[in-house]
Amino acid sequence: MGKQPEYKDWEEKELAASLKRFPERKKKFTNHGGEEIPRLAVPDQIGDQYLEKIGFPGRYPYTRGVQPTMYRGRLWTMRQYAGFSTASESNRRYRYLLEQGTTGLSIAFDLPTQIGYDSDHPMAAGEVGKVGVAIDSLADMEILFDGIPLDKVSTSMTINAPAAILLAMYAAVGEKQGVAVGKLKGTIQNDILKEYVARGTYIFPPWPSLRLITDIFKWCTEQTPEFNTISISGYHIREAGSTAVQEVAFTLANGITYVQAALDAGLELDYFAPRLSFFFNASSDLLEEVSKFRAARRLWARIMRERFNAVKPESRMLRFHTQTAGYTLAAQQIDNNIVRVALQALSAVLGGTQSLHTNSRDEALSLPTEDSVRTALRTQQVIAHESGVTNSVDPLAGSYFIEELTDRIEVQASELIEKIETAGGVVAAIEDGFIQRQIENSAYEYQQEIEKGERIIVGVNEFQIAEQTKPPLLRVDPEVENAQVRGLKALREKRDNKKVAEALANLSRCARTSANLMPEILAAVKTYATLGEICQVLREVFGEYRG
Amino acid sequence: MPEQKKTHRVLIGKPGLDGHDRGAKFIARALRDAGFEVVYTGIRRTPEEIAAAAIQEDVSAVGLSLLSGAHLSLFPAVVQALKNAGAGDIPVLGGGIIPDEDVALLKDAGIIEVYTPGTPVTQIIAAFRSACETQEAGRT
Amino acid sequence: MKSEDILKGLRDRDPRGIGRAISLVEENDPLADEILSSLDHSLIDQTTILGITGPPGAGKSTLTDRIITKYRSQGRRVGVIAVDPSSPISGGAILGDRVRMMGHALDQDVVVRSMATRGRLGGLCAAAGAAMRILAAGGCSIIIIETVGVGQSEMDIIRIADITALVLAPGLGDDIQAMKAGLLEVADILIVNKADCAGADTLAMDMESIARESGSKDKDKAKVCMTVASEGKGIDDLIAAIEAVDASHRESGERRTRRDRAYDLEVLDWALEMIKPSIIERINAWDHDRKGAPRRHAAKLLEQECLRISE
């Protein structure tokens with residue numbers, strides 16, 4: 001291994017600092033045979049082009065990863081997205097996952113919760129507890145985390161339009177457990193822009209939504225320094241049918257919009273930027289996906305440095321969570337999905353993800369069973385402990401193919417971002433449907449290729465068999481909805497309704513000013529005001545977005 | 001020179017709160033490319049809103065898509081809403097992530113066809129065409 | 001269904017009857033004639049027809065949604081005809097304008113009908129005009145025709161409106177250049193939507209200068225309105241402008257002139273629509289040799305057709 005001056009410089013600076021703070025998992029990484037595996041392979045000659053485009057892990061432009069030692073230091077967080085039915089049922093699943101070695105929780109909320117309706121709202125009919133857990137008030141949240149110490153786990157919450165309310169509930173639960181708010185670790189998705197184009201759980205129009213987001217940025221930076229205030233998500237954009245390039249472009253364009261909104265709200269860049277995180281999709285084209293992650297990291301670093309003049313290295317680092325691609329799962333021969341997920345997960349690891357969710361084999365049919373979830377988690381563990389890809393940092397770097405593809409994705413994504421900016425920015429591009437149309441066209445082409453047999457999906461349009469056995473499915477008992485509604489009714493009778501009304505009136509007043517909404521939301525949550533009641537107050541002030 | 005053929009009008013809707021419209025939009029476009037006029041309602045509609053739109057637009061069939069698992073309550077609710085509005089003759093087709101054992105339940109509730117992921121689109125288009133023809137033949 | 005039932009449905013404001021009636025006309029059904037000739041013409045005379053056009057992405061549907069809300073608050077029954085292009089290849093269409101108006105879906109006094117341009121021989125005036133007449137007979141006192149302002153047939157359709165509003169928004173670039181030529185001439189109101197976006201002020205200045213030049217002895221100067229439809233801003237001013245234009249047109253006789261012109265256009269379109277099937281039949285049946293100028297053949301064909309009709 002060459003010890004060029006640049007390499008030495010990196011070893012002395014970034015690597016030494018990192019090793020001091022986080023020693024590597026093992027003293028020596030060796031193969032079967034005892035040979036030592038290099039931490040980082042580099043070319044013999046390190047030229048300007050290498051430094052500019054590829055560089056060193058933990059150093060700008062971060063193409064090779066955000067940490068100098070990557071998985072030799074610490075494996076990614078294995079974070080399985082879960083939640084269904086009632087809070088107590090989900091609580092059981094979380095405890096099971098923690099016992100099985102999952103290292104972070106990821107909460108799925110049901111659609112009424114995500115759209116700010118209580119379980120007894122007419123729009124909630126039929127949806128309660130279906131795609132996630134139903135949370136109506138702090139009381140549900142207390143049950144959800146019962147016996148799970150919030151200073152020991154990091155919790156990711158897939159919540160967007162009402163993110164501030166769920167975050168406030170989380171903080172209130174922590175307080176009841178005696179955990180200081182500053183000790184809370186986790187992520188809220190809090191990414192409203194992609195909801196307008198790809199996922200659909202919006203409540204308010206774009207501008208008031210952006211205000212809620214910057215209020216959260218501000219509050220979290222002061223109160224919960226270890227919390228990721230947003231997870232800027234390409235995942236759902238890809239699920240909606242975009243290409244890899246579009247996924248990168250639209251996600252980073254959204255990122256730019258959030259940064260600009262926070263700056264416009266008077267926040268200091270290097271104060272909030274280190275807490276921004278990202279969320280990408282790992283789809284089936286293995287090498288393209290690896291290149292995509294690398295390109296996204298480099299492009300974001302350049303945007304943060306060149307456009308926004310970010311100074312802190314952490315402000316320039318794109319840290320991301322990955323989930324394997326739900327849209328690639330087939331309902332036919334579902335065991336094949338295990339293989340798909342393994343390849344997709346591998347791409348995320350080779351691409352340097354910070355945390356990972358692997359889909360379960362039965363998710364094209366319904367919610368995953370416990371057995372399927374375990375296999376999905378085991379897939380990550382096999383990659384982590386058996387595959388050997390974690391022993392060396394960014395092992396595919398320098399491949400002609402990977403580097404060329406990384407460059408191409410970066411260039412094409414950055415052209416697309418420019419196009420959005422000339423059209424007046426993301427919000428304008430959403431309002432006139434530009435982004436939606438692009439995604440729609442890509443989705444249509446992809447599906448047409450499958451219909452025409454130009455794209456082979458194993459077991460779906462080729463290699464089909466007549467299937468006899470039906471896998472066991474997890475179903476949510478329709479009784480869950482009734483039980484949840486009864487619980488909500490009891491809560492409304494039991495709580496101090498005068499306090500609730502006061503808190504909601506305060507919130508309404510605050511929403512009409514430019515003051516930070518978080519303290520008032522937290523106060524309201526603590527009176528056991530429901531999610532629906534809080535959102536209703538904000539709907540009255542902000543209005544509602546219509547798709 | 002061909003005579004003008006009758007153009008079928010259909011409505012594609014997404015009841016409930018599920019925002020995943022990739023499938024619905026794909027079907028809408030595939031139907032358009034097969035010569036249908038497709039009224040699209042967008043996401044997050046109530047069964048009553050879908051029924052009202054279907055009637056105002058005078059469509060011959062309604063297609064619903066749902067991935068959230070709420071199909072057992074929401075698909076029949078659309079059938080009922082159409083009946084309540086005096087348009088029980090407009091057939092309803094459904095699709096989405098729907099377990100096999102639910103398909104029979106949905107058919108009992110009046111949904112004439114139910115499609116799950118992996119169904120060839122040609123089959124779905126043929127079902128819409130036949131549903132439209134049956135509905136239109138019953139109009140006179 | 002018999003025409004009496006449908007006519008009764010229209011009088012009763014039954015949404016199904018209105019929907020069926022428009023379809024029958026769209027399909028050139030034999031019943032269409034009966035229905036259209038039995039409509040209550042006094043209602044049609046009392047209606048105001050507002051045409052809204054503009055390039056894709058300008059925010060027409062959102063604006064229409066807000067205008068509906070405003071008129072509904074005045075207690076008026078509103079009809080909307082939303083026109084989208086048909087695919088020239090398949091003949092199909094995706095009619096998506098409704099999406100932005102679904103907030104009114106359960107309001108019995110908002111009747112929305114999506115309409116595809118279809119491969120019509122004439123313009124769209126016949127079909128849209130008939131739909132307008134049916135909506136008027138169905139009790140709508142204001143009818144909004146929304147159409148994308150590109151292409152000839154969309155230009156034509158707007159000519160059946162009493163008042164025409166052109167919606168523009170900053171950032172649409174070339175589209176606006178193309179619009180200036182044709183539609184600006186017929187627009188009574190120029191709406192600068194997304195007035196809170198960058199470039200709106202420049203666009204508004206452009207529009208003001210065009211508006212100043214737009215007046216002629218036959219036509220008042222266009223009015224310029226600024227709106228942010230997504231937030232409901234500027235809608236009151238827009239409605240006031242619409243009312244002012246309407247009042248002025250009524251006083252000057254412009255409304256009558258336009259109605260007469262629209263009537264003539266509808267007649268022309270109907271004539272072309274009606275003649276089409278038998279011409280096609282003649283071409284199919286005729287054992288012609290496909291030599292010489294097609295124009296000559298056409299003339300001969302028409303001559304025969306005229307003879308047939310006069311007999």
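These legends walk you through several close-up views of a predicted model. Local features are described where pLDDT is at least 70 and side-chain atom pairs count only at pLDDT 80 or more, while totals for chains, interfaces and linings use all residues. Residues are numbered from 1 along each chain as its sequence is written, with chains lettered from A and ligands numbered from 1 in the order in which they are written.

**View 1. Chain A as a whole.** Chain A holds 22 helices and nine strands; helices (H or I, at least four residues) and strands (E, at least two) are DSSP runs, numbered from the N terminus. Its radius of gyration, taken over C-alpha atoms, is 23 Å, close to the 24 Å that the globule rule (2.2 Å times the number of residues to the power 0.38) gives for 547 residues, so chain A is as compact as a globular protein of that length. The C-alpha trace of chain A spans about 75 × 60 × 50 Å along its principal axes.

**View 2. Inside chain A.** Of the 547 residues in chain A, 53% are buried. Here a residue is buried if 20 or more other C-beta atoms, placed from the backbone, lie within 10 Å of its own. Take the contacts in chain A between residues at least 6 apart in sequence: 77% of them join residues at least 24 apart. Two residues are in contact if their C-beta atoms, placed from the backbone, lie within 7 Å.

**View 3. Where chain B meets chain C.** Chain B brings 31 residues to this contact and chain C brings 30 residues. On the chain B side, α1 (22-33), β2 (37-40) and α2 (47-56) each supply at least two residues, and α2(B) gives the most, with six residues.

**View 4. Strands bridging chains B and C.** β2(B) runs parallel to strand β3 (residues 93-95) of chain C, and three bridges join them. One place to look is B:E37, whose bridge partner in β3(C) is C:A93.

**View 5. The open sheet of chain C.** Seven strands line up in the order β4-β2-β5-β1-β6-β7-β8, with parallel pairing; two strands pair if DSSP finds at least two bridges between them. β4 (110-116) and β8 (223-226) stand at the edges with a single partner strand each, so one side of each is left without a neighbour in the sheet.

View 6. In chain C, β1 (residues 48-54) and β6 (residues 163-168) pair in the parallel sense over four bridges. To find your bearings, look for C:I52, whose bridge partner in β6(C) is C:A165.

Technical notes
A residue is buried if 20 or more other C-beta atoms lie within 10 Å of its own, exposed if 12 or fewer, and partly exposed in between; C-beta atoms are placed from the backbone.
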